[in-house]
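Here is a short briefing on one protein model. Look it over first, then read the points by topic.

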Amino acid sequence: MSYGQDTARQAAREILTEFGVEAAPVPVERIIKKKCIRLQFSPLDEALSGMAVIKDDVAVIGVNALHHPNRQRFTMAHELGHHILHREHLIGTVHVDKGFAVFIGGQRAMLRDEKSAEGTDIMEIQANAFASELLMPSFLIEKLIDLSSFGLEDVDQLNALAKRFKVSPQAMQYRLMAFN
Ligand SMILES: [Zn+2]
């Protein structure tokens, strides 16, 4: 079943092309700044990953500065996905994201009560697909590993690959499991 992940991944690939990204790690922070999105790092509650909003025509991404840098990168990519895919939902409404444990099948939540739970989930699925492809693009993964012989259970191998892309091993594992 598709929730628009393909469109989201395609949008991420277009950004990578636009910025001429040819090697890991993907410079997500630079991409956001070049897109004229204001990036704010603040200490937030542990449960909060980040937020996205467009206020008075100014696009903003907020990131929990207390999280691990790799997690912050995923948050940035996820929020960038919202700005690119769900712009109309961010105008005047702060979109708040809680833990992307989501991403590995855990809980997900958005503190916006005006949207249906279902619509919210679809936006989250799309933003995660966008973030995953942006930070761990298939063409870069294919350059570095042979998926047919890569052992997902090999922690050292997984950690090394995650490090190269500056993502968490969990995010990389999920990415490889969902590889297409
Ligand atoms: Zn989100």
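**Overview**

Buried residues make up 47% of the protein's 180 residues; buried means under 20% relative accessible area, exposed over 50%, and partly exposed in between, with a 1.4 Å probe and protein chains only. This is a predicted model: local features need pLDDT of at least 70, side-chain atom pairs count only at pLDDT 80 or more, and totals for chains, interfaces and linings use all residues. Residues are numbered from 1 along each chain as its sequence is written, and side-chain values use heavy atoms, with hydrogens and water left out.

**Fold**

- The protein has eight helices and four strands; these are DSSP runs, numbered from the N terminus, with helices (H or I) of at least four residues and strands (E) of at least two.
- Along the sequence, the pattern reads α-α-β-β-β-α-α-β-α-α-α-α.

**Zinc site**

- The zinc ion's protein donors are H78 (NE2), H82 (NE2), H95 (NE2), D97 (OD), D97 (OD), E124 (OE) and E124 (OE), at 2.0 to 2.5 Å.
- Donors are N, O and S atoms within 2.8 Å of the metal (3.2 Å for Na, K and Ca); water is not among the atoms, so sites may look incomplete.
- Their spacing along the chain is H-x3-H-x12-H-x1-D-x26-E.
- D97 sits in strand 4 (residues 95–98) and E124 in helix 5 (residues 117–135), 27 residues apart.
- D97 is buried, at 0% relative accessible area, and E124 is buried too, at 3%.

**Nonpolar cores**

- The largest nonpolar core has 42 residues, and L134, M172 and L176 touch the most other members.
- Such a core is a set of buried Ala, Val, Leu, Ile, Met, Phe, Trp, Tyr and Cys residues joined through side-chain atoms within 4.5 Å.
- Another core lies apart from it, with five residues, among them L48, M51, V53 and V96.

**Salt bridges**

- The structure holds seven salt bridges, each a side-chain nitrogen of Lys or Arg within 4 Å of a carboxyl oxygen of Asp or Glu.
- R13 pairs with E133, their closest N and O atoms being 3.2 Å apart.
- R13 is in helix 1 (residues 5–18) and E133 in helix 5, 120 residues apart.
- R13 is partly exposed at 29%, whereas E133 is buried at 1%.
- K33 and E29 meet in a salt bridge at 3.4 Å, N to O; both lie in helix 2 (residues 28–34), four residues apart.
- R71 bridges to E46 at 3.8 Å between the closest N and O atoms.
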